[in-house]
Amino acid sequence: MTFLLGSDMGLPHAYILVVTGLATATAYVSESELSQFMTNLWNQDDNRASSHYVRYDLQGHSHTGHSGVDNAPNKFFDYVNEAHLFHKPTYSTFISLLNNYHYMTGTSEYQTSSEDTEVTSFLSQISQTNVIKLTQQFLHSKGYITGSMSDFLITLRKIWFDFYPRSSHTTHLDTSGFEHVFVGETTSTKVDGFHNWIQYYLEEKRGNLNYLGFVYTKQPSIVGTHFLWHNKIKSLSSFIVGTSPEFDLAMYTACFFARRDVDCRFSMAGHNMDIKSYTVPFGTYHDLVATAYIN
């Protein structure tokens, strides 16, 4: 039997047995507690880019599907103040990771010593932010993890950066949660993953990405886009424009622990949110992030 990552494994909504080796008890968090935490996380995202530093142009409305019809003659991003944003330590170390992967699935990944150091640098930088400190404290208080911040960084490295096969049909260690969600991947026919505005901006700037139009918009600054990347179609990619790398990682990580394989619903800054996050449903990779995205 071949499993495709992202299928709903049908786990309970509120209770989950933590099997990462860091916590062994059954942990629980209510939707109201999750909402309070996520709103606090949003308010503490000091590195979030305001509209003064990032501007985008929605242009024509598009639809999900495999049509390559271009409803947007211009680029999605009008302006990004790189000088202000990309020299921030969490941004610069995040950007250094984006060219460490083969975007084609089926090609085995290998992390060099310098790339391993880049992961360490990124995790070190985000650990100093209020966003990651709050996430570690929250998950610890709710029983999802044990130990210190150092232990939490080990967990983040494992669930996001360990390699595994994208399909049970192959033995190639060709993907990771970070690559799929933050960098993006291509199959022979389409784009998978790719849910980060910084990578979107950089790939559009390089000419690798052609924005075809928006599928939907909602607050806070969430856009669902339709695009071509390396001449492959992405029917719908969602992301929050302007959030810091640490915020996206924290939001998805919290949902991965609290609502893995089911809807992660909460209110954030007065806006209803729904995050999907899935574990790898085969082999010995069940503790790793298969995907995470805004629904």
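Student: How far does the backbone oxygen of G193 lie from a polar atom of the side chain of H195?

Tutor: Keep in mind that this is a predicted model. To find H195, look in the loop between β6 (191–192) and α8. From a polar atom of its side chain to the backbone oxygen of G193, the distance is 3.4 Å.

Student: Which other backbone oxygen lies 3.2 Å from a polar atom of the side chain of H195?

Tutor: Look among the contacts of H195, leaving aside its neighbours within four places in sequence: they include K234, S237, S238 and Y252. One of these residues has its backbone oxygen 3.2 Å from a polar atom of the H195 side chain, and that residue is S238.

Student: Why does H195 count as buried?

Tutor: The cut-off for buried is under 20% relative accessible area. H195 falls under that cut-off because its relative accessibility is 6%.

Student: Why is strand β8 described as largely enclosed by the rest of the structure?

Tutor: Strand β8 covers residues 222–229. The description holds because the buried residues among its eight number seven.

Student: How many bridges join β8 to strand β9?

Tutor: β8 and β9 form a hairpin with two residues between them, and H230 in the turn has a positive phi of about 50°. Within the pairing, V223 stands opposite F239 in β9. The two strands run antiparallel, and the number of bridges joining them is seven.

Student: In the hairpin of β7 and β8, which residue takes a positive phi near 55°?

Tutor: β7 (residues 209–218) pairs with β8 in the antiparallel sense over eight bridges. In that pairing, L209 stands opposite W229 in β8. Three residues lie between the strands, and the one with a positive phi near 55° is S221.

Student: Which residues of helix α3 are buried?

Tutor: An α-helix has 3.6 residues a turn, so residues three or four places apart point the same way. Helix α3 spans residues 89–97. Its buried residues are covered by elements including α2 (82–85), α4 (113–126) and α9 (245–259). The buried residues themselves are T90, Y91, T93, F94 and L97.

Student: How far apart are the sulfur atoms of C255 and C264?

Tutor: The structure holds one disulfide. C255 and C264 are both buried. Their link is left-handed, with -70° about the S-S bond. As for the sulfur atoms of C255 and C264, which form this disulfide, the distance between them is 2.1 Å.

Note on methods
Residues are numbered from 1 along each chain as its sequence is written. This is a predicted model: local features need pLDDT of at least 70, side-chain atom pairs count only at pLDDT 80 or more; totals for chains, interfaces and linings use all residues. Side-chain values use heavy atoms; hydrogens and water are left out. A disulfide is a pair of cysteine sulfur atoms within 2.5 Å. Buried means under 20% relative accessible area, exposed over 50%, partly exposed in between (1.4 Å probe, protein chains only). Helices (H or I, at least four residues) and strands (E, at least two) are DSSP runs, numbered from the N terminus. Contact means heavy atoms within 4.5 Å. A polar contact is a pair of N or O atoms within 3.5 Å; within protein, one must be able to donate a hydrogen and the other to accept it, and residues adjacent in sequence count only if both atoms are side-chain atoms. Two strands pair if DSSP finds at least two bridges between them.
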